[in-house]
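Subject: Structure for your review

Dear colleague,

Please find below the structure that I am handing over to you. My findings follow it, and I would ask you to read them with the model open.

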Amino acid sequence: MKNIVITGGAGFIGSHVVRLFVNKYPEYKIINLDKLTYAGNLANLKDIEDKPNYKFVKMDICDFDAFYKLMQDEQIDGIIHLAAESHVDRSIKDPFTFARTNVMGTLSLLQAAKLYWESLPEKYEGKRFYHISTDEVYGALEMTHPEGVPAPFSTKASSEAQHEAYGEDFFVETTKYNPHSPYSASKASSDHFVRAYHDTYGMPTIVTNCSNNYGPYQFPEKLIPLFINNIRHRKPLPVYGKGENVRDWLYVEDHARAIDTIFHNGKIAETYNIGGFNEWKNIDIIKVVINTVDRLLGRAEGEDLDLITYVTDRLGHDARYAIDSRKLQSELGWEPSLQFEEGIEKTVKWYLENEEWMDDITSGDYEKYYDDMYKGR
Ligand code: NAD
Ligand code: TYD
C-alpha cells in the first residue's frame, strides 16, 4: 500500500487516524479527503499538516467525478472511509443529509474505486476499501442483565468476565442489523453497499463496527465534550430521559490503533466489532465527568452536580449498546489500552488545556446550532 485516502480526516476519529498513519508510515502518501462540514476542523491536524507524506483535499464524497479523478491522479491503493454525518440528534432533525452523505456518498466512493481499480492491469490486487461503521446498526440491547450480574460494568476485568459468561447479551459480528435512528439506518445501508461491492464485483472490502468513542477533538455536540464544556461554563447539562441508557465507551486512540491493525492485517470481506469492554449508564458517566472537571478546575468535587437537568428523551433512544470485540482480540491481537478512569482523566485534561480549540467552535455558527438544538432546555 502506498497511496491512501482517508475520508473524514478532519473530523474527530478521522483526525486521530490521519495522525497515526502520517507519523507511523512515512513511506505512505496519506490524503485526507474532507468536505469540512460543521464537524470538520483542520485545527485538529495542526501538528502534522507540514509533513511531506500528508496532503489535504477539500472534496465532497458525493462528487463522483472529482473522486474518480483523484483516484487516477493519485493512483490510490487504499481507502479508509470515515466521512459521514455522525450525530443521532441531527439525523432526527434532518434525515435527508444523512442519506445523501452516508449512503450516496459511500456508494459514490465504491463505484469510483471499482471503475479505477478494474481499469488497472493488477485490478484489485493489493487494494483495499475499508469502511468504518458503528455498533448502532445492530439496534439496541436489553437493559436487564442476567440475574446476579451487576450493571453497568465499569472495569475491564468485570466486563470481560461478563462477556465470557453472557456472550449472547452483546453485539457480535453476526448480530442481525436492526437500526432505529435515521443515522444508524443510513450507516446500515452504507455497510450493505460495501459488502455488496465485495460479493458482486469482488472488491476487497472490510467493515468494522465500533462502539462510542471519546477523547480529544470530539465535536462538542456529543455527550462528553458537550458536558465538559458546559460544566466549565456552569451551563445546564441536558440529560435525556432518566439518564439510564447504556453506552460502551472506547478511547479514540484505541479505535485508531484498531483501524491500523485491521487495515493491514484484517481479512478481506470480514467484519470486526471494536469495543471498549466498558459499559456505563449515561448518568454514571456524567457524574464521573463532573467530578473530574471540578477536581481539575480546583472546584469542590461534586460542586457542579446540580447542573444536571433532566430533559425530554431523545426520540427512539436506544437503551443499550455493548460490543463483544473478542474476534478482533483473538484473531488480530488488538485490545483497548486504557482503563476508562485513565481515559476520562486524559480527555478532561485535554479539553481544559485546549480551551481555545473549544471556544473557536462554540462561538459563531455552532452557537446558533446549539441554541436551536437545545432551546428551552
Ligand atoms: P465527525 O462528525 O466528527 O467527522 C465526520 C467528518 O466527515 C468531518 O470532518 C466532516 O467534515 C466529514 N464529512 C461529512 N460529510 C462529508 C462529505 N459529504 N464529504 C466529505 N467529508 C464529509 O465523525 P466521527 O465521530 O469522527 O465519526 C467518523 C466515522 O466513524 C463515521 O463514519 C461514524 O459513523 C463512525 N463512528 C463513530 C463513532 C463515534 O463514537 N463517534 C463510533 C463508531 C463509528
Ligand atoms: P451521543 O454522544 O450523542 O452518542 P450516541 O447517541 O451515538 O450514543 O450520546 C451518548 C448518550 O448520551 C446517548 O444515550 C444520548 C445521551 N445524551 C444526553 O443525555 N444528553 C446530551 O446532551 C447528549 C448529546 C447525549
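A residue is called buried when its relative accessible area is under 20%, counting the protein chains only as cover. Met 358 has a relative accessibility of 1%, so it counts as buried. Please bear in mind throughout that this is a predicted model.

Met 358 and its surroundings

Met 358 belongs to helix α12, which covers residues 355-362. Which residues is Met 358 in contact with, once its neighbours within four places in sequence are left aside? They are Pro 220, Pro 225, Asn 229, Arg 232 and Tyr 351. The chain also brings Met 358 and Leu 226 to a C-alpha to C-alpha distance of 9.7 Å, although 132 residues separate them in sequence.

Ligand 1

There are 29 residues around ligand 1, and those that come nearest are Ile 13, Asp 34, Ser 86, Tyr 183 and Lys 187. From Tyr 183, a polar side-chain atom lies 2.7 Å from an oxygen atom of ligand 1. Ligand 1 exposes 830 Å² when taken alone, and the protein buries 97% of that area.

The shell around ligand 1 draws at least two residues from each of α1 (12-24), β5 (128-134), α6 (182-201) and β7 (212-214). Strand β5 gives the largest share, three residues. By class, this shell holds 13 nonpolar, eleven polar and five charged residues.

Ligand 2

Ligand 2 is surrounded by 19 residues, of which Glu 136, Pro 238, Arg 247, Arg 314 and His 317 are the closest.

On its own, ligand 2 has 510 Å² of accessible area, and the protein covers 97% of it. Two or more residues of the shell come from each of α7 (223-232) and β8 (237-240). The shell around ligand 2 is made up of nine nonpolar, five polar and five charged residues.

In soluble globular proteins, nonpolar side chains tend to be buried together. Here the largest nonpolar core has 62 residues, and Ile 6, Phe 21, Ile 80, Tyr 130 and Ile 274 touch the most other members. Another core of 26 residues lies apart from it, including Leu 70, Ala 83, Phe 129 and Val 207.

Residues with positive phi

Most residues other than glycine have a negative phi. Where does Tyr 217 lie? Tyr 217 is in the loop between β7 and α7, and its phi is positive, at about 70°, although it is not a glycine. Its relative accessibility is 16%, which means that Tyr 217 counts as buried. Phe 277, also not a glycine, has a positive phi of about 50°. This residue lies in the loop between β10 (271-274) and β11 (279-281). Phe 277 counts as buried because its relative accessibility is 2%.

Yours sincerely

Notes. Residues are numbered from 1 along each chain as its sequence is written. Chains are lettered from A and ligands numbered from 1 in the order in which they are written. This is a predicted model: local features need pLDDT of at least 70, side-chain atom pairs count only at pLDDT 80 or more; totals for chains, interfaces and linings use all residues. Side-chain values use heavy atoms; hydrogens and water are left out. A residue is near a molecule or strand if one of its heavy atoms lies within 4 Å of it. A polar contact is a pair of N or O atoms within 3.5 Å; within protein, one must be able to donate a hydrogen and the other to accept it, and residues adjacent in sequence count only if both atoms are side-chain atoms. Accessible areas come from the Shrake-Rupley method with a 1.4 Å probe; for residues, only the protein chains shown count as cover. Helices (H or I, at least four residues) and strands (E, at least two) are DSSP runs, numbered from the N terminus. Ala, Val, Leu, Ile, Met, Phe, Trp, Tyr, Cys and Pro count as nonpolar, Asp, Glu, Lys and Arg as charged, and the others, Gly among them, as polar. A nonpolar core is a set of buried Ala, Val, Leu, Ile, Met, Phe, Trp, Tyr and Cys residues joined through side-chain atoms within 4.5 Å. Buried means under 20% relative accessible area, exposed over 50%, partly exposed in between (1.4 Å probe, protein chains only). Contact means heavy atoms within 4.5 Å.
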